Amino acid sequence: MFSREPGLGGELAASGVPTLMYAGTADPWHDPMRDYARAHGVGFFPVPDADHGGALRRTAEVLPRVLPFLGAAP
């Protein structure tokens, strides 16, 4: 899906579905996800010093960014 793994990135970008991505700065997918988001006009934010699983568990940092996005979605 991202630069290191071919997949459905083009279909996701063309779907018209509002998308917000996030990743921990210590996650190996951080840079490819950030770059994908920039290239396709998708929202992205980093979770500082979190690895892949750590970003998912840091709800106190993630939810304040995700909830307004969900509330704004059509």
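User: Why is H30 called buried?

Analyst: H30 has a relative accessible area of 9%, and buried means under 20%; H30 therefore counts as buried. The residue is found in helix α2. Please note that this is a predicted model.

User: Which residues does H30 touch, leaving aside those up to four places away in sequence?

Analyst: H30 touches A23, G24, T25, F44 and P46. Contact here means heavy atoms within 4.5 Å.

User: What makes the pairing of H30 and D31 a polar contact?

Analyst: The side chains of H30 and D31 approach to 2.9 Å. A polar contact requires a pair of N or O atoms within 3.5 Å, and residues adjacent in sequence count only if both atoms are side-chain atoms. The contact between H30 and D31 runs from side chain to side chain, so the pair qualifies.

User: What makes D31 and R34 a salt bridge?

Analyst: The closest N and O atoms of D31 and R34 are 3.2 Å apart. The criterion is a side-chain nitrogen of Lys or Arg within 4 Å of a carboxyl oxygen of Asp or Glu, so this pair of Asp and Arg meets it. Both residues lie in helix α2 (residues 30-40), 3 residues apart, which is about one turn of the helix.

User: Are D31 and R34 buried, exposed or partly exposed, and how do you know that?

Analyst: D31 has a relative accessible area of 36%, and R34 stands at 22%. Partly exposed covers the range between the buried limit of 20% and the exposed limit of 50%, so D31 and R34 are both partly exposed.

User: What other salt bridge does R34 form?

Analyst: R34 also forms a salt bridge with D35, where the closest N and O atoms are 3.1 Å apart. That distance is within the 4 Å limit. D35 is partly exposed, with a relative accessible area of 36%.

User: How many salt bridges does the structure hold, and where does R58 come in?

Analyst: The structure holds 3 salt bridges. In one of them, the side chains of R58 and E61 meet at 2.6 Å, N to O. Salt bridges that share partners join D31, R34 and D35 into one network. As a general point, side chains of opposite charge can pair when their charged atoms come close.

User: Why are R58 and E61 called partly exposed?

Analyst: R58 has 24% relative accessibility and E61 has a relative accessible area of 37%.

User: Where does R58 lie, and which residues beyond four places in sequence is R58 in contact with?

Analyst: R58 lies in the loop between α3 (52-57) and α4 (59-72). Leaving aside neighbours within four places in sequence, R58 is in contact with V47, P48, D49 and A50. The C-alpha atoms of R58 and V47, 11 residues apart along the chain, are separated by 8.1 Å.

User: What does the side chain of T19 reach, and where is T19 found?

Analyst: T19 is found in the loop between α1 and β1 (20-24). The side chain of T19 reaches the backbone oxygen of V17 at 2.9 Å. Not counting residues up to four places away in sequence, T19 touches L12, V42, G43 and F69.

User: What makes L63, L67 and L70 a nonpolar patch?

Analyst: A nonpolar patch joins side chains such as Leu within 5 Å, given over 30% relative accessible area and no salt bridge. L63, L67 and L70 form such a patch on the surface, with about 280 Å² of accessible area together. Of these residues, L70 is found in helix α4.

User: What is the pattern of the chain, and which of its elements has the lowest mean pLDDT?

Analyst: Along the sequence the pattern is α-β-α-β-α-α, which comes to 4 helices and 2 strands. The chain averages a pLDDT of 87, and 86% of the residues score at least 70. Where pLDDT is low, the predicted coordinates should not be read in detail.

Technical notes:
Residues numbered from 1 in each chain as written. Predicted model: local features only at pLDDT ≥ 70, side-chain atom pairs only at ≥ 80, totals over all residues. Heavy atoms only, no water. pLDDT = per-residue confidence, 0-100. Patch = residues over 30% accessible without salt bridge, like charges linked within 9 Å, V, L, I, M, F, W, Y side chains within 5 Å. Areas by Shrake-Rupley, 256 points an atom, 1.4 Å probe, with all protein chains shown as cover. Buried < 20%, exposed > 50% of the residue type's maximum accessible area, 1.4 Å probe, protein only. Polar contact = N/O pair within 3.5 Å; in protein donor to acceptor, adjacent residues only side chain to side chain.
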